[in-house]
Amino acid sequence: MTTKLFGTKVPRVEDQRFLRGQGRYVDDLLTDDPRLLHAAVLRSPHAHARIVDIDVSDVLDLDGVVAVWTWEDLTGPMAEPLPLLIPHPTLTHGRTQYALAREEVNYVGEAIAFVVAVDRYVAEDAVARIRVDYEYLEPVVGIDAARAAERTVHDDVPDNVGARMEQENGDARAAIAAAPHTLTLELDIERSACTPMEGRGTVARWDPDTSRLTVWSSTQTSTGVRGCVAAKLGLDLARVDVITPDVGGGFGVKVVHPWPEELLVPLAAKTLGRPVKYTEDRREHFISSAHERAQQHHVEVGFDDEGRVLGLNVEFWHDHGAYTPYGLIVPIITSTQLLGPYKPQNYRVVFESLYTNTVIVTPYRGAGRPQGCFVMERTMDAIAAYLGKDRTEVRSTNFIQPDEFPYEHGLIFQDGRELTYDSGDYPASLAKLKELVGWDEFEEFRAEMAAQGRRVGIGLACYVEGTGVGPYEGAHVHIETSGKVKVATGLTTQGQGHQTAFAQIVADTLGVRFEDVEVTTGDTRKMPYAVGTFASRAAVMSGSAIHLAALRAKEKALRIAAEALEASEEDLEIADGVVSVKGTDASIDLGTVAVLSNPLRYAFDEASKAATQFSVGDPGKPPVAEDDEPGLEGKDFYSPPRSTFANGMHAVIVETDPDTAEIRILKYAVVHDCGHLINPMIVEGQIHGGVAQGVGGALYERMAYDESGQLLNASFMDFLMPYVTEVPTSIDIDHLETPSPLNPLGIKGAGEAGVIPSAAVFAAAIEDAEGFPITAMPISPSELFELRLAHADDTTEATTRSTP
Amino acid sequence: MKPAPFAYLRPATLEDALAALAGQQGAKVLAGGQSLVPLLSMRLAAPSTLVDINALPDLGHVTVTGDGDGAGDGVRIGALARHAEVLASAEAAASQPLLAMALSHVAHPTIRNRGTTVGSLVHADAAAEMPMVLRLLEGSVDVASVRGRRTIPAAELFAGPLESTLAHDEIAVEAFFPALAPGAGVAFQEIARRHGDYALVGVAAHVETEGGEVTRARVGFVSVSDVPVVVDVTGAAQDPEGDPAGAALAELEPADDIHATSAYRAHLVKVLTPRVLADAVHHARQRSAQGKSA
Ligand SMILES: Cc1cc2nc3c(=O)[nH]c(=O)nc-3n(C[C@H](O)[C@H](O)[C@H](O)COP(=O)(O)OP(=O)(O)OC[C@H]3O[C@@H](n4cnc5c(N)ncnc54)[C@H](O)[C@@H]3O)c2cc1C
């Protein structure tokens with residue numbers, strides 16, 4: 001393969017449209033259709049209540065209201081709870097909500113009634129006219145309340161425990177008991193959320209003439225939505241098309257499906273015979289989409305004089321909100337990915353996944369890894385502090401070494417497969433990071449700053465990220481008679497630059513011009529077999545599938561071209577869309593090869609004449625050979641044995657203001673290894689975005705629930721997503737490329753990487769600046785100030801130390 | 001997030017606007033909309049009628065009167081002058097430097113391009129910079145209604161949280177910020193969570209000096225009580241051992257919210273108050289020195 005574009009910074013083709021405001025999102029669709037109706041949802045104002053009565057009698061009187069649904073109006077599968085998407089044997093008490101609440105509401109924001117009207121204004125007016133009688137129930141808010149279990153979220157879930165899961169490799173408790181040194185840590189992470197620029201949205205149109213339903217949804221999985229819509233509405237799959245247009249960010253929240261509205265909009269469209277649109281607003285996104293992150297950890301670690309971890313025992317409590325539609329994916333990832341690049345000799349982890357009367361918790365970029373990374377890295381820093389060793393030294397001591405791959409942890413990962421790392425070179429990554437951030441020169445810098453009355457600190461954090469999880473993705477590559485190449489893959493795009501990266505792969509594999517490749521994603525009409533975009537899997541899964549499909553198309557092109565050019569296939573090469581016999585000027589355009597691939601009866605244009613029945617073929621044989629197909633196409637699927645494991649290390653230098661406790665970022669450095677880079681610019685863009693999101697998660701964002709379960713900051717006024725002024729003006733990035741042996745391109749995922757170590761790396765740097773342990777994240781200046789007060793009174797360390 | 005139904009009027013004359021307001025108990029003025037429109041969208045306000053004043057003539061001015069020596073000298077800001085226009089006016093900054101110092105902390109450029117300074121004053125948010133600045137400078141607001149005109153001194157403008165003393169049918173037509181007198185100095189500092197956010201604590205100082213010595217010192221505070229508060233700290237400022245922040249805190253009520261504890265807010269008052277006082281004194285001495293050399 002001529003690797004012309006693979007590995008180069010090809011500018012993103014999608015930016016022309018996006019930056020000019022020409023993107024087309026769900027809310028932009030059907031705006032000119034006068035028959036379009038708009039939906040609004042009545043949401044619970046209470047975190048926990050029984051619904052005594054719903055009175056909608058005033059609603060239909062309102063001019064412009066077309067229909068209203070409550071649970072009572074739903075029938076068949078629509079009246080049943082939403083699917084539990086990823087069941088797990090230890091999820092003994094999984095619960096999901098109804099599309100519209102039945103008898104009970106379990107979080108502020110839960111959907112109760114669905115109104116369809118001529119516009120969204122009238123629909124909201126109508127929602128305000130619905131009267132609901134509630135019997136108020138005491139809510140369970142926060143992990144402490146869930147653990148205390150004085151009350152339960154669901155009557156039939158004792159102690160609020162949805163699942164308890166334990167995994168162990170070796171005998172951690174015995175190893176800790178026998179270890180020369182032990183430490184215990186209590187660590188906390190609060191809630192945050194994806195908050196994409198575009199919220200959720202769905203449009204549906206029922207065509208009575210063809211009995212087909214078309215659904216456009218802002219989702220990370222069109223095939224998933226399609227399956228759910230067909231099942232819930234009782235339609236044959238073949239009657240449902242789901243198309244994902246441009247999506248203004250997902251970050252995980254849009255992989256959850258079906259959202260109530262994703263079913264109610266198609267139901268309304270089919271029932272009313274008019275297209276219906278639902279566009280979530282910002283407040284709704286905060287209170288009725290998904291959150292993540294909240295966990296409490298209790299860590300016991302035993303180690304030797306070098307800081308080598310001999311035993312690690314982690315117990316944690318995971319707040320999964322009111323329901324468990326996405327199963328245990330987040331806590332399973334935390335429990336396994338916590339290990340990072342290290343090899344504790346003995347590891348035990350046990351978690352409880354707990355119900356609370358708050359918004360559901362499902363994967364948010366990083367998906368449980370930021371918490372695991374925080375816990376492991378805090379532990380490494382605590383060991384270093386205890387032994388008085390350099391923090392990088394303790395990490396080096398515990399690293400899996402380059403010659404130990406594939407490395408088996410003896411645990412089961414989130415995809416139900418062995419947790420086995422495929423490749424990496426952690427010592428090399430660390431060496432690069434130390435160089436990049438100036439680790440060895442930092443004490444000099446600290447002294448310089450101190451002389452000016454300034455306080456600085458440095459921190460680092462390492463992570464390993466399982467990316468490219470299965471089960472599979474597919475691709476279809478079609479070379480048209482014009483020579484243009486149309487590529488379809490089923491997973492969706494939320495701004496990652498798939499059009500560009502995938503076209504790079506096709507251009508290289510096939511030998512065509514980049515400009516001639518057009519990629520379609522997330523359209524079930526083009527590729528009905530697909531999984532979705534999440535878990536940093538698009539490049540690995542669809543990238544590999546596209547490569548394989550392009551190889552098949554190429555194989556066929558060479559076979560036909562060889563015949564046409566009367567040459568042997570080995571002597572052919574393809575470049576810029578032309579097949580030529582090496583070292584001669586005999587050649588044929590791929591477009592012409594496409595013409596020849598499809599024996600025709602009718603000539604519809606000049607070029608197609610060449611393929612008509614009196615022009616081509618051996619009259620003694622069938623025009624299409626028995627094991628062949630017409631057309632110049634390739635289709636293939638990629639299904640890996642297990643995930644591929646990318647890794648990275650971040651370091652940050654912060655300044656904490658001795659007077660105001662404000663926290664400033666002076667330098668941020670990233671060393672990143674996602675195997676071979678398809679497009680370094682896109683990877684760096686992903687890192688930039690991830691770091692920005694991580695800064696938000698570490699220093700600004702949180703979900704401020706009060707005791708009654710009201711979310712106090714359900715707007716961007718009070719949920720402090722960082723502005724461009726709050727993120728570092730530059731991020732120093734270096735790459736290491738340890739290719740994955742698991743896929744043909746040697747690539748690993750990069751989508752989530754930037755955000756994983758943020759809580760860990762900022763906690764480390766602030767701790768280094770302040771001299772007392774940081775055990776809870778995120779942290780605000782006000783909290784840092786309160787910690788300073790606490791530590792001025794009490795100079796004992798928060799981590800308890802003991803030696804047997 | 002769509003407003004409840006309302007009627008919309010866009011009168012072409014002040015008389016028509018005042019008549020419309022007088023005729024409708026539930027009518028509200030719409031200026032830049034940067035505070036009102038979010039309230040409407042979240043249905044936290046549901047006026048029967050919006051009287052949009054953006055088409056009224058002769059209200060977009062930022063005019064400077066006098067050279068700073070006289071009592072009536074200062075900056076007159078019309079109801080339709082945007083924050084950005086006031087911030088961009090070099091004459092306004094020369095007459096009363098605190099305007100620009102504070103305005104650069106008000107929101108972000110896009111919001112300053114629409115939001116009006118007068119609207120901010122009558123919106124009377126204790127977390128907003130300009131109401132406090134008006135109080136500190138002892139300015140005033142001119143309001144009109146079908147009953148006539150009146151001038152409300154800053155000390156009488158703020159009734160409570162988000163509540164001014166304007167009657168429902170009054171339109172604020174102009175604000176007056178007195179010029180900075182010779183020998184006086186001002187300063188402003190604030191701490192916000194993010195750039196351009198409402199302050200966790202904002203502090204401004206206004207000092208008067210004679211021969212370099214402080215004769216009067218007052219400090220204004222943002223976000224540490226329900227209404228804009230100004231505290232006279234002359235005594236503490238004149239005393240080298242004095243504690244102006246302590247004196248101020250006695251009159252403030254820093255509260256807890258989701259962004260900061262009351263203790264942290266009180267701490268920021270202690271950090272920022274001496275800083276702005278020192279800056280203001282420095283500013284006053286600098287201006288005196290320049291005045292003499294000119
Ligand atoms: C994201 C964001 C951040 C912001 N940050 C800050 C900040 O940091 N500091 C700050 O001070 N402000 C901030 N603001 C508010 C901004 O400054 C507003 O522009 C200002 O508070 C109100 O001015 P307006 O012209 O937009 O008034 P409008 O929103 O039109 O009106 C506000 C209120 O005042 C009344 N009103 C307005 N003009 C008149 C008048 N002439 N006569 C009688 N009544 C009138 C209206 O009826 C309404 O009740 C922010 C706003 C946003 C959206």
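Four strands of chain A make an open sheet in the order E21-E20-E19-E25, with mixed pairing; strands (E, at least two residues) and helices (H or I, at least four) are DSSP runs numbered from the N terminus, and two strands pair if DSSP finds at least two bridges between them. This is a predicted model, in which local features need pLDDT of at least 70 and side-chain atom pairs count only at pLDDT 80 or more, while totals for chains, interfaces and linings use all residues; pLDDT is the predictor's confidence in each residue, from 0 to 100. Residues are numbered from 1 along each chain as its sequence is written, chains are lettered from A and ligands numbered from 1 in the order in which they are written, and side-chain values use heavy atoms, with hydrogens and water left out. The predictor gives the complex an ipTM of 0.95 and a pTM of 0.95. For chain B, the mean pLDDT is 95, and 99% of the residues reach 70 or more.

- Strand E20 (residues 485-489) of chain A runs parallel to E21(A), and five bridges join the two. Across this pairing, A:Val485 is opposite A:Val517.

**The three-stranded sheet of chain A**

- A second open sheet has the strand order E4-E2-E6 (chain A) and antiparallel pairing.
- Its edge strands, E4 (104-105) and E6 (131-136) of chain A, each pair on one side only.
- Strand E2 (residues 49-55) of chain A is joined to E4(A) by two bridges, with A:Arg50 opposite A:Glu104.

**Buried elements of chain A**

- Helix H2 (residues 120-129) of chain A has seven of its 10 residues buried, so the rest of the structure largely encloses it. Buried means under 20% relative accessible area, exposed over 50%, and partly exposed in between (1.4 Å probe, protein chains only).
- The buried residues of H2(A) are A:Arg120, A:Val122, A:Ala123, A:Glu124, A:Asp125, A:Ala126 and A:Val127.
- Their cover includes strands E1 (37-43), E3 (65-69), E5 (111-117) and E12 (276-279), together with helix H7 (282-288), of chain A.
- A:Pro260 lies in helix H6 (residues 260-272) of chain A and is buried, with a relative accessible area of 6%.
- Not counting residues up to four places away in sequence, A:Pro260 touches A:Leu82, A:Gln97 and A:Ala99; contact means heavy atoms within 4.5 Å.

**Nonpolar cores**

- The largest nonpolar core has 129 residues; such a core is a set of buried Ala, Val, Leu, Ile, Met, Phe, Trp, Tyr and Cys residues joined through side-chain atoms within 4.5 Å.
- The residues with the most contacts inside this core are A:Leu312, A:Tyr421, A:Leu699, A:Phe762, A:Met777 and B:Phe221.
- Helix H11 (residues 262-293) of chain B gives the most to the core, with 11 residues.
- Another core, of 54 residues, lies apart from it and includes B:Leu99, B:Phe158, B:Ala175 and B:Phe188.
- Beyond its neighbours within four places in sequence, A:Tyr421 is in contact with residues including A:Leu339, A:Ile400, A:Phe405, A:Val464 and A:Phe645.

- Strand E12 (residues 199-210) of chain B is mostly covered, with 10 of its 12 residues buried.
- E12(B) pairs with strand E11 (residues 184-192) of chain B in the antiparallel sense over nine bridges; B:Glu190 has B:Gly202 as its bridge partner.
- Six residues separate E11(B) and E12(B) in their hairpin, and B:Gly196 in the turn has a positive phi of about 90°.
- E12(B) is also joined by nine bridges to strand E13 (residues 213-222) of chain B, and these two run antiparallel. Here B:Glu208 is opposite B:Arg216.
- The hairpin of E12(B) and E13(B) has two residues between the strands, and B:Gly211 takes a positive phi near 55°.
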